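Here is a friendly briefing to read with the structure open beside you. Take it one topic at a time and look up each residue as you go.

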Amino acid sequence: MTHLFSEEEWNDYIEGEVDEETRDRVEAHLIGCLSCWEFYERMANATHALRVSGAGTRAIFALHDQQLHAGLRGVFTKINAVEAESGAAGLKSHRTIQQRLDALAAVMTPMCGSRTAIKALRAAAQVSPARSLERVTEDNWTSFLASLKSIAAVMCGETGARLVWESGQF
Amino acid sequence: MIAARITPKIVWFGLALNLCAWLAVHLPWRAGLTPRVWMAESAIKTAFLCAAYGLALALNMEIAAEYRQTRWLRVAWLALAANAGVSIVRIIVESSLLNLIWPGHTRAPLWGLLQHLTIVPANAFLLFGMLAMWWAYHQVGLGFTIEKRDYAAIAGILGLIVALVVFREGLSEARSPYALSRWLQLSGLALLSLSAAASLVLHRMAMQMSGGKLAVALSFLTFYTLLRGVLVLIQAGQRVSLMEGQSPGVPYSLFVGLCWQAVPWVAALAAAYRAEMTVHAARELEQQRAAKAVLASA
């Protein structure tokens, strides 16, 4: 039930946040409309009740600055600890993958050259689920290695490809 | 595994032995110390060149067996093996030793015909091998590119073959009574030129690899093809420039003689370097498996 006014205007009027012109229009309407007057009274009472109970609740659970800081510090410490743990694991995994990629490049270089080895690693990553060398992880390693083996079979021969495959096994 | 025994060092040694043996027989005659020993010179050339192509044939067959799954490369190395095999027939056919059975064989027009009957299929195999190899490496999609200067060099090679066809009086079979012989020589030259052009592309790939045994093998394949082409050109040019009855100078004859004898060894070196890659991989694999076995038992 909003009659000539929008919900927003009603809310603003009850909260006392309307401009002078709107307030005059609302009050002029309330004088002549009983249902709106009753609606206004109900809303105003409910708003007042909410304000009073909110203030009471805030008083019960009021935090001093020191408590607030201590609480926040605890929360941030926990967040940092979780992030550091997952970051360290990720960093370690990334370093392991990088070492394995370097080892594969070192295996291929004497056979087909350093540039070919790097190109082969990149091409293998592109056709594997990793899509790029930077995204090669332990989860998609086997697919990546299988792609690299196929490329190595052409560039280094089948014995070379077997060497690459076995060198890349975890 | 033949490749484990026929290393590039062995092939280099074979080349050196071949050239030294030939010079040891040839130079005393040039110095006027001994009469010319045709038979010994011819026997050295025939034996060593057949040995070189024989090594190339055996190694190429072994390399082809390495590519059971990669069809184009298997075909490429089999074609190079066929090139070496037909070249052995060529060495025997053009050997002066046959004069012992058929006197005057090397001076007869039939000699040229027989020679080119072997050269044409050998060059066709070479061209096919080069193209199959290029296609196989191109299909991997590692981004090997041909540069502008390669196109220019290829255009230069094709220009030279056109010039040779125009000035074909310089060719050895230009005055052959057999039309087939003349036609075969031109076909052989066209095939050799196309092989040289294809080999330049392989050489560019080798340059873009930044080292490795494969790059060395591809460079030797390029050298094998280009050396043959350049020698044919030099000889044709020399024939055109010489007056009737005039014979070429000693340094020129020595240089061309040595270069032609080096040609089959270059083919063998290309195969030996490629085969060495397999030997290297097999050795590394063996060491890796042994290390893993030790770790597993520890």
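Helix α2 of chain B bends by about 30° at B:A24, and a proline, B:P28, follows within four residues. The bend at a residue is the angle between axes fitted to the seven residues ending there and the seven starting there. Helices here (H or I, at least four residues) and strands (E, at least two) are DSSP runs, numbered from the N terminus.

This is a predicted model, in which local features need pLDDT of at least 70, side-chain atom pairs count only at pLDDT 80 or more, and totals for chains, interfaces and linings use all residues. Residues are numbered from 1 along each chain as its sequence is written, while chains are lettered from A and ligands numbered from 1 in the order in which they are written.

**Helix α2 of chain B**
- The buried residues of α2(B) are B:P8, B:V11, B:G14, B:N18, B:V25 and B:H26. A residue is buried if 20 or more other C-beta atoms lie within 10 Å of its own, exposed if 12 or fewer, and partly exposed in between, with C-beta atoms placed from the backbone.
- These buried residues pack against α3 (38-65) and α9 (250-297) of chain B.
- After the helix comes B:G32, whose phi is positive, near 80°.

**A buried serine, B:S87**
- B:S87 sits in helix α4 of chain B.
- Is B:S87 buried or exposed? B:S87 is buried, because 27 other C-beta atoms lie within 10 Å.
- Leaving aside residues up to four places away in sequence, B:S87 touches B:Y53, B:A122 and B:P264. Two residues are in contact if their C-beta atoms, placed from the backbone, lie within 7 Å.
- From B:S87 to B:A24, where α2(B) bends, there are 63 residues in sequence and 25 Å in space, C-alpha to C-alpha.

- Most residues other than glycine have a negative phi.
- A:R131 has a positive phi of about 70° although it is not a glycine. It lies in the loop between α5 (114-127) and α6 (141-155) of chain A, and counts as exposed because it has 12 C-beta neighbours inside 10 Å.
- B:S210 is not a glycine either, yet has a positive phi of about 60°. Its place is in the loop between α7 (179-208) and α8 of chain B, and with 16 C-beta neighbours inside 10 Å it counts as partly exposed.

**Where the chains meet**
- The contact takes 28 residues from chain B and 24 residues from chain A.
- On the side of chain B that touches chain A, α5 (109-140), α8 (213-241) and α9 are the elements giving two or more residues. Of these, α9(B) gives the most, with eight residues.

**Domains of chain A**
- The domain assignment, which is automatic or from a database, gives domain 1 (7-60) and domain 2 (88-167) in chain A.
- The centres of these two domains, taken over C-alpha atoms, are 70 Å apart.

**Confidence**
- pLDDT is the predictor's confidence in each residue, from 0 to 100; its mean for chain B is 92, and 99% of the residues of chain B reach 70 or more.
- The predictor gives the complex an ipTM of 0.87 and a pTM of 0.78.
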